[in-house]
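Open the model in your viewer and keep the selection tool ready.

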Amino acid sequence: MTQNAGGEGADSPSTEKQVKNQRGVLASLNPSGYRLERWAYTFQRVTGLAILVYVLGHIGDTSFFVGGPFGSGPNTSSWSGDIAITANLVGNLILVLVVLVVVFHGINGIRLILSEFGLIFKKPSRPEYPYRAKSQGALQRHIIWLAIVAAILAALWAGSIIMG
Amino acid sequence: MRESRIMLVQYVTAAAAIVLVTIHLLMQGVLVPYSLAIDFPHVLSVYRTWVDAALLESLLVVVVVHGFNGLRTILHEWRQGVAWSRWVDRGTIAVIVVVVAYGTRTLILAATGTVVL
């Protein structure tokens, strides 16, 4: 959602700049024109939200093992009905996508934890042109690429298991 | 709780989630064939083995806390303000309690309830 100053004086250069700088969450999530770390930042949030949605659905659908919200114990017909709805092509594709985003989120998350505790940063030095963040060394980018490749391989593996 | 402490919770739950999700995925298709993993008698035996049930409960708590605390972080980045922050924090705790309670109810009923054929 956009938050901007609006109101009177909206055409003045200063306000125009202010509005441009207040494009809200969508702008903060837009990584185009930035380096790989910024893309990883966006993907970490998008995959995190996707996993959260899946987890909520999964907690809901596994509750049908005990008859759903109003069940009282393990129920074979309720579970068969749930499997009939979820174990099909669409459900299997969702599972493969879940594996894809979970593996990326997990490996990139390990990178973030290591960064938080300063374990994979380069030594700080005086800023010099072109002012690239020297703390973001090649190791960080290697881990991001590892996360991408591992996620794709894991998704392919999961696809062969689920649909194979 | 201080924000730095909450971030520590986020990192600890992240590390725990990596271990528990890996075990969960291995049990759902690698160590146990996928068709068997969703078969009713097998799922029942998992819920009624206390080690497996404890792992599932841990997975539930860890993932829900990590997920909703992550959403809380995004909402704090999105907007700032005393009232907004207060309600986001309260809402996060409330949703975590409700979702964990619902998932725990499934586990308890599956482990102790009478099987309906």
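Are α1(B) and α4(B) parallel, perpendicular or oblique to each other? Select both helices (DSSP runs of H or I, at least four residues, numbered from the N terminus). This is a predicted model, where local features need pLDDT of at least 70, side-chain atom pairs count only at pLDDT 80 or more, and totals for chains, interfaces and linings use all residues. Residues are numbered from 1 along each chain as its sequence is written, and chains are lettered from A in the order in which they are written.

**Stop 1: the helix pair**

α1(B) and α4(B) pack at about 135°, with axes 8 Å apart. Axes are lines fitted to C-alpha atoms over the stretch in contact, and angles run from 0 to 180 degrees between N-to-C directions. The pair is therefore oblique: not under 35 degrees (roughly parallel), over 145 (roughly antiparallel) or 65 to 115 (roughly perpendicular).

Now select the contact, where C-beta atoms, placed from the backbone, lie within 7 Å.

**Stop 2: where the chains meet**

Show both chains. 30 residues of chain B are in contact with 30 residues of chain A. On the chain B side, the largest share, 8 residues, comes from α4(B).

**Stop 3: a histidine in chain A**

Select H58(A), in helix α3 (residues 36-62) of chain A. H58(A) has 17 other C-beta atoms within 10 Å, so it is partly exposed (buried means 20 or more, exposed 12 or fewer, partly exposed in between). H58(A) and L29(A) are 29 residues apart in sequence and 27 Å apart in space, C-alpha to C-alpha.

Note on methods. Two residues are in contact if their C-beta atoms, placed from the backbone, lie within 7 Å. Helices (H or I, at least four residues) and strands (E, at least two) are DSSP runs, numbered from the N terminus.
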